[in-house]
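Hi,

Here is the structure I promised to pass on. My notes on it follow below.

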Amino acid sequence: MSGEVRNVIIIGSGPAGYTAGLYAARALLEPLMFAGYMSGGQLMLTSDVENFPGYPTGIDGPEMMVHMREQAERFGLEVQDKNVERVDFSERPFGVWVEGDEYRAEAVIICTGAEAIWLGAEGEEAQKGRGISTCATCDGAFFRDDEVIVVGGGDSAMEEATFLTRFASKVTIIHRREGFRASKVMYERAASHPKIEIRTHRSVKRWLSDENGLSGAVLEDPRDGSEDKIACTGAFIAIGHKPMTGFLDGEVEMDDSGYILHSEHTMTSVPGVFAAGDVVDKRYRQAITAAGMGCQAAMDAEKWLEDQH
Ligand code: NAP
């Protein structure tokens with residue numbers, strides 16, 4: 001990289017990143033985005049998005065991300081599908097390292113989102129990609145006419161289970177307690193589906209396998225420790241996400257779970273460094289709220305840059 005200093009570098013490319021890119025580009029800040037090797041964020045792993053306003057019949061997650069990217073690029077967002085390895089926010093312009101190259105920017109907007117959490121039950125490592133997955137959209141079609149389970153009680157679990165009925169002969173949702181975090185509409189859709197069975201008060205204690213891969217799981221009732229088994233050749237873990245902030249190495253303030261903390265509006269503890277989307281938000285975590293915060297971060301960055309001159 002030459003000695004060029006960018007106005008804004010955006011790290012991450014979900015709805016927050018692309019919206020920040022759109023607004024920063026339209027503010028003529030000529031933003032540069034490092035979108036990551038797997039650009040597009042969590043929506044690349046989602047099937048139908050039915051709750052983003054403006055799509056009366058819903059839209060495919062990956063298609064929506066292509067639209068968002070094209071829209072931002074039309075106004076001049078420069079996108080590189082590379083991962084940021086580390087940052088240095090101790091002096092301005094800020095340092096961002098990508099594949100060994102150093103980039104500098106007056107302002108940085110972090111939109112790296114969150115990634116799926118694995119259960120960590122006994123036998124899980126060996127069966128990852130051989131039957132156990134965190135993405136039904138990616139792997140569901142491998143389980144045509146099979147019996148599969150989905151672990152979790154939130155919207156993700158309901159969505160994954162409903163999606164899997166396209167392929168699987170039976171889908172069992174395994175949830176550790178009675179109550180569900182899932183929205184009523186998504187719970188009802190799953191609960192009323194003839195191919196879906198819901199089993200509550202069950203956790204996966206151990207995964208079972210044979211020469212073909214996953215064959216089932218030993219389930220435990222958390223109330224009394226009693227055990228039973230379920231047969232399945234596919235298992236989808238949908239128990240939530242963790243923020244992708246490891247590369248920051250503590251350069252901005254975060255909470256105990258690694259979510260970035262805002263200090264003023266969308267600015268982090270470092271003036272000139274902003275954050276938006278699931279990397280700061282463990283409450284709403286919606287495409288529309290991430291996009292809204294991406295807009296706020298770009299506007300805050302623009303105002304902050306103006307104030308520096
Ligand atoms: P979530 O709402 O946090 O739900 C996670 C679920 O996993 C909870 O039921 C939780 O059980 C369970 N869980 C957590 N750790 C576990 C463990 N170690 N063992 C067993 N179960 C465990 O996560 P999410 O479903 O991924 O949803 C995240 C956000 O995205 C939500 O705001 C949701 O509305 C949104 N979302 C929306 C859509 C949509 O509208 N199309 C689709 C997917 C997600 P407890 O309840 O007992 O803690």
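**What I found**

Of the contacts in the protein chain (heavy atoms within 4.5 Å) between residues at least 6 apart in sequence, 59% join residues at least 24 apart.

Before you dig in: this is a predicted model, where local features need pLDDT of at least 70 and side-chain atom pairs count only at pLDDT 80 or more, while totals for chains, interfaces and linings use all residues. Residues are numbered from 1 along each chain as its sequence is written, and side-chain values use heavy atoms, with hydrogens and water left out.

The protein chain has seven helices and 19 strands (DSSP runs, H or I of at least four residues for helices and E of at least two for strands, numbered from the N terminus). Its radius of gyration, over C-alpha atoms, is 21 Å, close to the 19 Å from the globule rule (2.2 Å times the number of residues to the power 0.38) for 309 residues, so the chain is as compact as a globular protein of that length. The C-alpha box is roughly 65 × 40 × 35 Å along the principal axes. Buried residues (under 20% relative accessible area, 1.4 Å probe, protein chains only) make up 48% of the 309.

Arg199 counts as buried, at 18% relative accessibility. Its side chain makes a polar contact (N or O atoms within 3.5 Å, one able to donate a hydrogen and the other to accept it) with the side chain of Asp228, at 2.4 Å. Leaving out residues up to four places away in sequence, Arg199 also touches others, including Thr172, His175 and Leu219.

Cheers

Technical notes: Buried < 20%, exposed > 50% of the residue type's maximum accessible area, 1.4 Å probe, protein only.
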